[in-house]
Every structure is written in structure tokens, then in C-alpha cells.
Amino acid sequence: MKYRHYESIDSTNNEAKRLIRSGELKDSEYLVADMQTAGRGRQGKSFFSPDTGLYMTVVLPVGQSIDSQVSMTTKTAVAVARSIEKVTGIVPGIKWVNDIYVRGKKCCGILCEAVNDYEKGIMEYLIAGIGINIYTSEWPEELRDIAGSLYDEDMSDRFTIIREQLAEEIASELEILIKSDDTAFLKYYKDHSVVIGKRIMYLENDIKRFGTAVDIDGNGGLIVVDETDRDIKILNSGEITVRMKGCEKMRFFITENDRQRLGSTAFIEFQKGEYDGSCWHIDSLCMSEDIFADLKLRRFFTMYLPQFDYYGLTQVTGSEFEKLLDMSKDFSTDVYSCMTELKNWAGDKEGDEILFTICGM
């Protein structure tokens, strides 16, 4: 497939649209930039694009119904995840619709756009923008706890080769998937999903709702069982968040220094569930708004709690909790203070089970 290279550009998706409008781009091509000055994500968000990542757009003539756009997005996610796995050996996870995760953090964003003929109801071109953090290590404050890279080490000596291999593999894989009517790609998507089986929050008519993601349909829609009315919903677009439905809440500031430095955003928030007669359930939700507190806690749980789940519910018995509390003394005074506060807040309840929900995204 033909490709174009740019040292720096505003956005590869923007450039693709300009080339299509001018008539210069008519067939399958992909564009690669060393860096973007105005990278774009979904829902109008900016995309941080330093020179340690792959920023590309794949343009494919489609000639399919406009209604097929959701499946195009799903296919793009599969093409990217498969290519990462093939080129690097790293097995990624896919968060619906099309975010790619490695080691619990988002390492790739995808923005699928299109050139449509609305009179005919046809998508003429798919414009798939893909940004992959290959070995980015320095982030803006607002991204430090949520963004990650394929590699957590300096890959400058192999960066160019990895980037070229990834770009070529992604373009080839996506072209094959778009031209095929085979739905086998959905199995890969489901097998690598970090959402299916998890409790999620989603928006319906601008109202927050909670439910369980149970499956992906044939068009790439997310099938959700709503928690309130038990209705089955099919989400075809939008953002979801994997987290626990809230009950009563408390805020605990990690340190006085953090509180002074970061203001009211420096907190960890706990959500208390209900006493069911035998066990007291605590849903602990770590909020990471502009702070490192969430990351520090998650690092502690990853090291000392084998069953810790980045994306969902982690069960900890009372005796296990006591052991964690003891180990946290040597790990960090901040984490120890947090664990102690949680224990004191829970009080002396009957039962030997505490449920944590540590949200990783």
C-alpha cells in the first residue's frame, strides 16, 4: 500500500481529508507523521503526540452503507491490537469501542472518520486515525495516571524499525478486514475485551446509568444489562467507564502537602456498600484526578495482592486486609495512612470479607 511520511503535521486525519478533497488521494494509502501539533481524539479531545509514538491514518475506499461505521471502528481496533501482538509480542486489551490498553493503561487511541455520500447513503472513504504510544514516558499532568506506552523502557535504538513495522502491519491488516465480510474478527475482539463481564457507567440521554457489559453484537455494539430496570441495551457509540455504582462516600486526602499543592482534587474516594447480615461490603473507588495517589495505591495492590484486577472487582478477606495493612507500613506512609483510614472508617463489622473496586481506567 502506498504511504506518505511527514516530519510534523497538524493531524494525519486532517491531512487525509485535504488530500481527498483535492483529488490527490483516491486509492488505499496510509499517512505517517513523526509528530502532530494538533492531534485529535474522539469527542473533540486533543491527542498528545510527541516524537516517541506512531501517528498514522489509513485511508480506504469503502463503498458500504453509512450504517457500517460502528463495525469499521471495531475492525480498526482489532487490526491495531493484532498488529501490536504480531510485531511486539505484547498482548493488548481492548476497551470498547476502540481504546487499546497495555498493563492497565491506555497506550493507543483510535479516531475513525469518514467521507460520506449522504444522498446515496454510502460511506465513500474510511479515515482511520491511530495514535500509539511506543515508549512515551513524560506526560502532561492530566494524563499521568491514565496513559501508558507499549514499552516502559527507552526504545530509541529500535524505535524507527518498530514504528515502520507497526504502520505497515496495521495498514495491511485493516485493509484485509474492511474488504472481508467474515465476522471471525469479533472473536478476537471479545477475547481481548477488558469490558465484557464488568460493571460499567454509561450515558443515556445525558443521564448516568449503570449496568453490566455482557457481549458484543455482530455490528460491534456493546450489549449491556441495565442495573436499574434490567433492560438489555445496545450501545453503538459513546464513552463508558468501568466502575462501581456509588453509595455513601467519603474523601480522604493522601497528604497535607498534596492537598496544599493540588487543592480539592487530591483525594481518594471510598464508596460504602451495604451490610447483608453476614458481611460488610466496602466498594473502594480510587479517584485519580490530577494526582499520583491512585497510581501509588494500584502499584501497591499489584505487588502484594495476586488477585488484583485493574478493571473490576477484587475480593479481599478481613485477614488478607490485615496483612495488606501491615505490609503497607514499609511500602509508603501515604498508602499506610490510606489503608488505616479505610479500616477505621469501615469500623468493626461482622464478617470476614471486604470488596474492593479499584478502577484502572
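The model is predicted, with local features needing pLDDT of at least 70 and side-chain atom pairs counting only at pLDDT 80 or more, while totals for chains, interfaces and linings use all residues. Residues are numbered from 1 along each chain as its sequence is written, and side-chain values use heavy atoms, with hydrogens and water left out.

Asp226 belongs to strand 10 (residues 222-226); helices (H or I, at least four residues) and strands (E, at least two) are DSSP runs, numbered from the N terminus. With a relative accessibility of 0%, Asp226 counts as buried, a word that means under 20% relative accessible area, whereas exposed means over 50% and partly exposed lies in between (1.4 Å probe, protein chains only). If its neighbours within four places in sequence are left aside, Asp226 is in contact (heavy atoms within 4.5 Å) with Tyr202, Arg209, Phe210, Gly211, Asp231 and Lys233.

Strand 10 pairs with strand 9 in the antiparallel sense over five bridges, and strand 9 (residues 207-216) also pairs in the antiparallel sense with strand 8 (residues 199-204), over six bridges; two strands pair if DSSP finds at least two bridges between them. Ala213 stands opposite Val224 of strand 10, and Ile200 has Gly211 in strand 9 as its bridge partner. In the hairpin of strand 8 and strand 9, where two residues lie between the strands, Asn205 takes a positive phi near 55 degrees, while in the hairpin of strand 9 and strand 10, where five residues lie between the strands, Gly220 takes a positive phi near 90 degrees.

Turning to the aromatic rings, a search of the whole structure finds two aromatic pairs, which are listed in the table. Rings of Phe, Tyr and Trp (its six-membered ring) pair if their centres lie within 6.5 Å, and planes under 30 degrees apart count as stacked, over 60 as edge-to-face and the rest as tilted.

| Pair | Centre to centre | Between the planes | Type |
|---|---|---|---|
| Tyr3 and Tyr30 | 5.4 Å | 20 degrees | stacked |
| Tyr135 and Phe159 | 5.6 Å | 65 degrees | edge-to-face |

Because Tyr3 lies in strand 1 (residues 2-9) and Tyr30 in strand 2 (residues 29-36), their pair ties together parts that are 27 residues apart in sequence. Tyr135 lies in the loop between strand 7 (122-133) and helix 3 (159-179), and Phe159 lies in helix 3, so this pair ties together parts that are 24 residues apart in sequence. Tyr30 is buried, with a relative accessible area of 8%; Phe159 is buried at 9%, and Tyr135 counts as buried at 16% relative accessibility.

For the protein chain as a whole, there are eight helices and 17 strands, and buried residues make up 54% of the 361 residues. Among contacts between residues at least 6 apart in sequence, 64% join residues at least 24 apart.
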